[in-house]
Amino acid sequence: MQRMAIDKTPEWQALLAHHRSLRETRMSDLFAADPSRAQKFTVRCGDIRLDYSKNRITGETMTLLRQLAQVADVKGWTGKFFRGDRINTSEDRPALHTALRQRTGTVAVDGKDVIAEIAAVRQRLYAFAGAVRDGTWTVHTGTRITDVVHIGIGGSDLGPRMVVEALRPSTAPIRVRFASSLDDAELAAALEQLVPASTLFIVASKSFTTPETLANARLAKQWLLTALKEEALVKGHFVALTSKPEEAKKFGVEAANIYPMWDWVGGRYSLWSSIGLPIALALGPEAFDRLLDGAAAMDAHFRETPFEANLPVTLGLLSVWYANFFGAETQVLLPYDWRLRLLPTWLQQVAMESNGKSVDRDGKPVSTATAPVVWGGSGNDGQHAYFQALHQGTHLVPADFLVALSGGANRAALLANCFAQSEALMGGRDAIAAGGPHKAMPGNRPSNTIIFPQLDAKTLGSLLALYEHKTFVEGCIWGINSFDQWGVELGKVLAARIEPELKAGAGTGGAHDASTAALIGAYRGKS
């Protein structure tokens, strides 16, 4: 049976009518009319509390949005997701990163339970990480490892890098650095002051054909060979994380140093897999376990909690409310914790690679806007930069504030700034009180505030799973496949064609548009 376009459903039409009646309503008036508003619009999962009262919503809004979730069958798709059904239809595979967080029960892929296989791989990873950290694992010269350089890109880089930067202890037996870009400068910076004999390289690539990753891996190999002189010694300095072990062996990685991943784990969701090895090396296996535990707790909350109290469902529905009914084209993520400064970058990939689609699951054009642009950074720094546009600009930009209640000596000041910004976005300031129109702020700008007692591995795991599932809810509403990413392919294909043309002596290689041809010519010294 053909699925009705979501914007043609009675539920969508009811939301359109409701939006027309509510769009000029001021949040400050809603607070004045209901002293219990903050309590009514707060939901929890463990220690994580989401206050979504500073939104242009009423109880009726949320009822209508939840009815939209029902007609979009969010509950049914959630069941398929966790069961391991092949919901990634264009690639005919499951999307089972949640299985990586599951310690008990069974999940079958092609009739085979994968939970035991996941546990076996993780046991190998933990044994390796522990041995590197305590110095019992050494390279062929007998030297213990002091530094690790993780080479990957996209999901093979962003997740592990973000977690390590967020939780990195002040002292650790292993220092972990990252390199992703084809620009040689990043790898050079990562290698600065490192000793080749005590440096280990992790090469993370699902296919082990990723051009950027292999280019950097070759540079790393040459760096080691220059110092160690012998190819046989160089091989022991590489570990591979991949679903294609034969390709890693061709590169020269020893079989014992290859750790598998699975094709049913999308790259942007892969930090929970062997791609998380740098996390275990930097923080220890115990911290990685706590990260998994936090994510598993959010998985259970998402799967089992009614929509009314469900954090990912609430965030996903609010995102749809602003993107599709208010026309908001961006969303900003504002962690008031310097350690979480890379969280918006990680979420950019999760949200925009997942839902940046213009066709639905059936290959038909979507009838609504999808995937608002996600951006942001350290909230306190942002106050002195782009917050100007959030307060007085012409664009409506829904904001998520995240902050831990405990921290260092400046925590009270940091919290004061976080809470003040959301209050100012909501309430604004009229021209008379401000002393003129240039100082006035319209207010009525929506935000969510997510608070938690402290930033630790378990809390971070829950936060990451929260935003993964929020993205999934959005995709369900829009009727799209959130787990493929064909949009990244065309540029790779064209780059492979252009690169030979840029090298000295290469031919033209084929027709290009006038602009691209001129750019190629500029590189080759032509006018």
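1. Leu-182, Pro-211, Glu-212, Ala-215, Arg-218, Gly-491, Lys-492, Ala-495, Ala-496 and Glu-499 line the second largest pocket of this predicted model, and the volume of that pocket is about 300 Å³. On a 1 Å grid over the protein atoms alone, a pocket is an open set of points with protein on both sides within 12 Å along at least five of seven lines, a cavity is a set where a 1.4 Å probe fits but cannot get out, and lining residues have an atom within 4 Å of a point. Grid points are joined across faces, edges and corners, and a volume is the space filled by probe spheres set on the points. H21 supplies the largest share of this lining, five residues, and H9 and H21 each give at least two. Helices (H or I, at least four residues) and strands (E, at least two) are DSSP runs, numbered from the N terminus.

2. Residues are numbered from 1 along each chain as its sequence is written. Because the model is predicted, local features need pLDDT of at least 70 and side-chain atom pairs count only at pLDDT 80 or more, while totals for chains, interfaces and linings use all residues; side-chain values use heavy atoms, with hydrogens and water left out.

3. The largest pocket has a volume of about 890 Å³, and among its 37 lining residues Lys-206, Thr-210, Gln-485, Glu-489 and Lys-492 are the closest to its centre. Helix H9 (211-228), helix H15 (343-355) and helix H21 (489-502) are the elements that give two or more residues to this lining, and H9 gives the most, with three. By class, the lining holds 11 nonpolar, 15 polar and 11 charged residues, where Ala, Val, Leu, Ile, Met, Phe, Trp, Tyr, Cys and Pro count as nonpolar, Asp, Glu, Lys and Arg as charged, and the others, Gly among them, as polar. The lining of the second largest pocket has five nonpolar, one polar and four charged residues.

4. Six strands form an open sheet of mixed pairing in the order S1-S2-S13-S12-S10-S11, two strands being paired if DSSP finds at least two bridges between them. Strand S1 (42-45) and strand S11 (373-376) are the edge strands, each pairing on one side only. S1 pairs with strand S2 (residues 48-51) in the antiparallel sense over four bridges, and Leu-50 in S2 is the bridge partner of Val-43. H15 packs on the sheet, touching strand S10 (330-335), S11 and strand S12 (399-404), and its direction makes about 175 degrees with that of S11. Contact here means heavy atoms within 4.5 Å; axes are lines fitted to C-alpha atoms, for helices over the stretch in contact, and angles run from 0 to 180 degrees between N-to-C directions.

5. The structure also holds six cavities of 30 Å³ or more, and about 150 Å³ of space lies in the largest cavity. Of the 16 residues lining the largest cavity, Gln-331, Pro-398, Asp-400, Asn-448 and Lys-470 lie nearest its centre. H14 gives the most to that lining, with four residues, and by class the lining has 10 nonpolar, four polar and two charged residues.

6. Gln-193, a residue other than glycine, has a positive phi near 65 degrees and lies in the loop between helix H8 (184-191) and strand S7 (199-204). Gln-193 is exposed, with a relative accessible area of 75%; buried means under 20% relative accessible area, exposed over 50%, and partly exposed in between (1.4 Å probe, protein chains only).
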